[in-house]
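Subject: Model handover

Hi,

Here is the model for your files. Please open it first, then read the notes below.

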Amino acid sequence: MEAKRNYTCAVVPCASYDDSLPAMTRALEAIDGLDFVKPGMRVVIKANLVAPMAPDSCATTHPKLLIALTKLLSERGAHVIVGDSPGGVWNSAALSAVYRATGMHEVEAAGAELNRNTDSHTVNIEGKTMRRLTYTDYLDDCDAIIDFAKLKSHGMVGLSGAVKNMYGVIPGLIKPQTHYLYPDVNDFADMIVDINEHFKPRLALIDAVWGMEGNGPTAGTPRHIGALIAARSVYEADAVAAHLIGLDSQGVPTLAAAVRRGLCTNELSDIALYGDPEPLAVRDFKKVPRRSTAFLKGTRLDFLSGTVAKALEQRPQLKRSKCVACKKCFNICPAKAITMVKKGDKSYPRIDRAKCIRCFCCQEFCPKAAMVVHRSVIVRLLQKRPS
Ligand code: SF4
Ligand code: SF4
């Protein structure tokens, strides 16, 4: 009989959420993903519950997958706690609304406890870019953290997967403030890697049964992928997720930061991967690819890098026809780059490009998908090029 390989990452087909349990079992058995679980252990599943949105909007981790994981953990004698700090205010009323909308009460009925502790505190950490981290208290009251992300496109970091999901340890409105401290996308990516290195999730899972493409991570379009990813490393999970949607570390700054720090490989072939990602890859997944000006470095056109980079930059743009003038973007913008300007009987947001740090909080938290990621004509033309 062939000896079992030491797989560290698995990608398995999961065509529908009705297949959650067999797909989860297969993926976790392949990587011995639950071997760390001992009876009596308190295990937090850090889900992606970004906003009070129904599961079929594909912005949040699907409850059926969380139910399957809860079952497998409970069978091993673990006490399961599901939690996240959604965007906006971090209090029990907001949290209850998120749990209700995202189907978390089904997960509770399946045996998980839903975190209701909304306290937080600040610690010193030895990160590459981050020295002070404010995070949600419930993460301290456990023996292990499982990171359970949702595969989505993301305006700032290209991919919202396992690495980005850990940004949700930061409570509510501290998130946009933290964005403001790291206006450069590479520093922001390093800071998120710092958070991952501080918490070191024991296991990373990505719900890629249905993902979100286009104007993600909250206002995009559901897209069927039909996969579940499990890995012992958040970086390997994201490397596979990125591959499924046609990205590599160049298009995902958080992955590039991890590669620079030697935390993961740039090559999928270097991952001890169970399962074949190729039949599951969605070649025409609509993403927000980041364009680099590295191709100009060292050439006679190097002096144009700054100008070209500006031209290639994505930025938030208002779709006035969808805007209901609710001011949420104005209130959340960490750079105070938005003013509300009167037009008729309402005031609509106007973005000061010079102040904007392109964190895309306004796009992420607009309830009407009225803020979109604008790409320059050049980028759109580049995107049309066959890769
Ligand atoms: S959050 Fe969206 S709907 Fe509300 S004012 Fe801003 S753009 Fe308009
Ligand atoms: S305008 Fe939007 S993208 Fe720009 S800094 Fe404010 S919230 Fe971030």
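Angles run from 0 to 180 degrees between N-to-C directions, and axes are lines fitted to C-alpha atoms, for helices over the stretch in contact. Helices (H or I, at least four residues) and strands (E, at least two) are DSSP runs, numbered from the N terminus.

This is a predicted model: local features need pLDDT of at least 70, side-chain atom pairs count only at pLDDT 80 or more, and totals for chains, interfaces and linings use all residues. Residues are numbered from 1 along each chain as its sequence is written, while chains are lettered from A and ligands numbered from 1 in the order in which they are written.

Helices

Helix H7 (residues 185-199) packs on H9 at an angle of about 70°, with axes 8 Å apart. H7 and H9 are therefore roughly perpendicular to each other. Their crossing is right-handed (near helix turned clockwise from the far one by less than a right angle; anticlockwise is left-handed). On the H7 side, Val185, Asn186, Ala189, Asp190, Ile192 and Val193 meet Pro253, Thr254, Ala256, Ala257 and Ala258 in H9 (contact: C-beta atoms, placed from the backbone, within 7 Å). This contact divides into eight nonpolar, two polar and one charged residue. Here Ala, Val, Leu, Ile, Met, Phe, Trp, Tyr, Cys and Pro count as nonpolar, Asp, Glu, Lys and Arg as charged, and the others, Gly among them, as polar.

Helix H8 (residues 234-244) also packs on H9 (residues 253-260), at about 130° and with axes 10 Å apart. That makes H8 oblique to H9. This crossing is left-handed.

Strands

Strand E10 (residues 221-231) runs antiparallel to E1 (residues 9-13), joined by five bridges. Nine bridges join E10 to E9 (residues 203-213), again antiparallel. Strands pair if DSSP finds at least two bridges between them. Leu228 in E10 stands opposite Val12 and also opposite Asp207.

Ligands

Around ligand 1 there are 13 residues, with Cys323, Cys326, Lys328, Cys329 and Cys366 the closest (C-beta atom, placed from the backbone, within 6 Å). That shell has 10 nonpolar, no polar and three charged residues. Ligand 2 is surrounded by 13 residues, the closest being Cys333, Ala335, Cys356, Cys359 and Cys362. Its shell has 12 nonpolar, no polar and one charged.

Best wishes

Note on methods:
Parallel < 35°, antiparallel > 145°, perpendicular 65-115°, else oblique. Contact = placed C-beta atoms within 7 Å.
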